[in-house]
Amino acid sequence: MTAPWTPDEMMTVAAARLLWDGCVCFVGIGLPSAAANLARQTHAPDLVLIYESGTLESRPSVLPLSIGDGELAATATSVIPLPEIFSYWLQSGRIDVGFLGAAQIDRFGNLNSTTIGDYHHPRTRLPGAGGAPEIAVHARRTFVVLKQTARTFVPKLDFCTSAGFLTGSGARATTGAPGLGPQVVITDLGVMKPAPDTEELELVSRFEGVTTDQVRSATGWDLRIAERLETVAPPTPDELRILRDLHARTRAAHARRVELPC
Amino acid sequence: MLMDLKDAIAQHVEDGQTLALEGFTHLIPFAAGHEIIRQGRRDLHLIRMTPDLIYDQMIGAGCARALTFSWGGNPGVGSLHRLRDAVEKGWPHPLELHEHSHAGLAAAYTAGASHLPFGMLRGYLGTDLAQVNPDIRSVACPYTGEAIATVPALHPDITILHAQKADRRGNVLLHGIVGAGKEAALAARKLLVTVEEVVEDLGAAPNAIILPHWVVTAISHVPWGAYPSYAQGYYERDNAFYLDWDDIARDRETFLAWLDLHVMHTGDQAAFLRSLARCAAEVP
């Protein structure tokens, strides 16, 4: 029997549940933005969304395609110049949660969004850093969301764009990075957290219908499994309905062409 | 001060210059970028936090020698295929990359606008970026000894912005998402601006972002000059076009045909828009 929700939906719902009401969240485009807006429309109506384009406390009714869609500015409490977002808001320690994605992650939660293959002769040139390196350092904590395959969960990054726990066992703390680093990694299979001693990611819960072997084979290293492995509660009917409505509104809005003046 | 965009580009933009066309998702000066492509400028060092479609087009058209940037994707869609082709395959020219993070590039513009030699940030910790960009260095704080990352100040030969309004004296008003536009403008040796409207009185609030006429080199009146990006209060971002771009730019021939039809064979932004509209009408 197939589940009445997709792994993507489960991943978004699981990520949304991590955000609490009133929390100040620095949001990236795509899945983080979907999760944050789902949280705002369900259990966390006073969640503060900050987008790196300079919009403080945006309340979009559809998900933005870009980080700077007009909807984000029009629904914001304030829109400020971009250098201020990074200096006065992120660097100054005013962000509770930074939400990051990546193309590759390693066992210590370090992230690559720059290149696959050698930097100077890349097999695939990815978009690059954006706000991520400083979000990874300054947000009090980061949550990472990405799909889990042996190609994304790799033993060694091709390029380290954003620091997680570096080599683990306290290495991050010695750099003076003020944020706690990646506290949760959410994938389409389950949830991982850093082990308290080594800071190596450990599978702490699986989604319903997912086996531990499935998670292991989608990981490019020998994944540690928590002693008490939990199962994430499936999406509630409300969560699913609100998420699907949000996506439907978003699809319709993005497909709507701007009428040209001629 | 107020001049035709064609003349502004012809008079001020030269081969080999360092150019910053700023505007963060919003107010991207597409019309100016297209005019630079039409006039066949070469060897440019392009600076933008987010290259976006406009630099994808300029790179694919062969205008660029180098790129300073911090995030080079089609937002929410995927790759900039022309940028990737230049970096991965050297087509149409190899592209020298000067890569930063957003916070780093913002600090570099701010330092440029402030006439400081470098910008500072608590940044780039634990990343490989400093290994591939020798411009990313550090200084010891003179008070605590803490290592602070530094980036050299940016001073574009020319910054080009799109804004909502200018008045007849040449004062420019921009609002909405302004990105690092003000910093890029004040860091540059010359500032060209395209605007939606030229008005008698800007009617701006005291804290509005105004670029006063004495820092502006030239203004061109170009309605819809940011399309397919947007100008808040005038028209929305054409997200459907950004989605379409993925297919247009994926392959060299399709891209060149698009560029030839809509940019090279149109004289200005109005003709560019008519060309796109005609094309859309022909598709059933």
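**Notes on a predicted two-chain model**

1. Let's start with chain A, where 10 strands form an open sheet in the order β4-β3-β2-β1-β5-β10-β11-β12-β13-β14, with mixed pairing. Its edge strands, each pairing on one side only, are β4 (78-79) and β14 (224-232) of chain A. Strands here are DSSP runs of E with at least two residues, helices are runs of H or I with at least four, and both are numbered from the N terminus. Two strands count as paired if DSSP finds at least two bridges between them.

2. A word on ground rules: this is a predicted model, so local features need pLDDT of at least 70 and side-chain atom pairs count only at pLDDT 80 or more, while totals for chains, interfaces and linings use all residues. Residues are numbered from 1 along each chain as its sequence is written, chains are lettered from A and ligands numbered from 1 in the order in which they are written, and side-chain values use heavy atoms, with hydrogens and water left out.

3. Back to the chain A sheet. Strands β1 (residues 24-27) and β2 (residues 48-51) of chain A run parallel and are joined by four bridges; A:Val27 has A:Tyr51 in β2(A) as its bridge partner. Helix α2 (residues 31-41) of chain A packs on this sheet and touches β1, β2, β5 (97-100) and β10 (141-145) of chain A, contact meaning heavy atoms within 4.5 Å. The direction of α2 makes about 155 degrees with that of β2(A); axes are lines fitted to C-alpha atoms, for helices over the stretch in contact, and angles run from 0 to 180 degrees between N-to-C directions.

4. A:Leu166 sits in the loop between β10 and β11 (182-186) of chain A.

5. Chain B has an open sheet of three strands, ordered β7-β9-β8, with antiparallel pairing. The edge strands are β7 (118-121) and β8 (137-140) of chain B, and the twist averages 40 degrees from one strand to the next. Four bridges join β7(B) to β9 (residues 147-152) of chain B, and B:Gly119 has B:Val151 as its bridge partner in β9(B). Helix α5(B) packs on the sheet, touching β7 and β9 of chain B, with its direction at about 140 degrees to that of β7(B).

6. Now the interface. Chain B brings 57 residues to the contact and chain A brings 50 residues. The area buried between them is about 4,200 Å², 66% of it from carbon and sulfur atoms; buried area is the accessible area (1.4 Å probe) that two parts lose on being put together, summed over both. In chain B, B:Arg122, B:Leu125 and B:Ile177 lose the most area to chain A, together 13% of what that side buries.

7. Three salt bridges (a side-chain nitrogen of Lys or Arg within 4 Å of a carboxyl oxygen of Asp or Glu) are counted between chain B and chain A. B:Asp244 forms a salt bridge with A:Arg257, the closest N and O atoms being 2.7 Å apart. On the side of chain B that touches chain A, α8(B) gives the most, with six residues.

8. Finally, two cis peptide bonds in chain B are worth a look. B:Trp91 and B:Pro92 are joined by a cis peptide bond with omega about -5 degrees, and B:Pro92 is in the loop between α4 and β6 of chain B. Another cis peptide bond joins B:Tyr227 and B:Pro228, with omega about 5 degrees; B:Pro228 is in the loop between β14 (218-221) and α8 of chain B.
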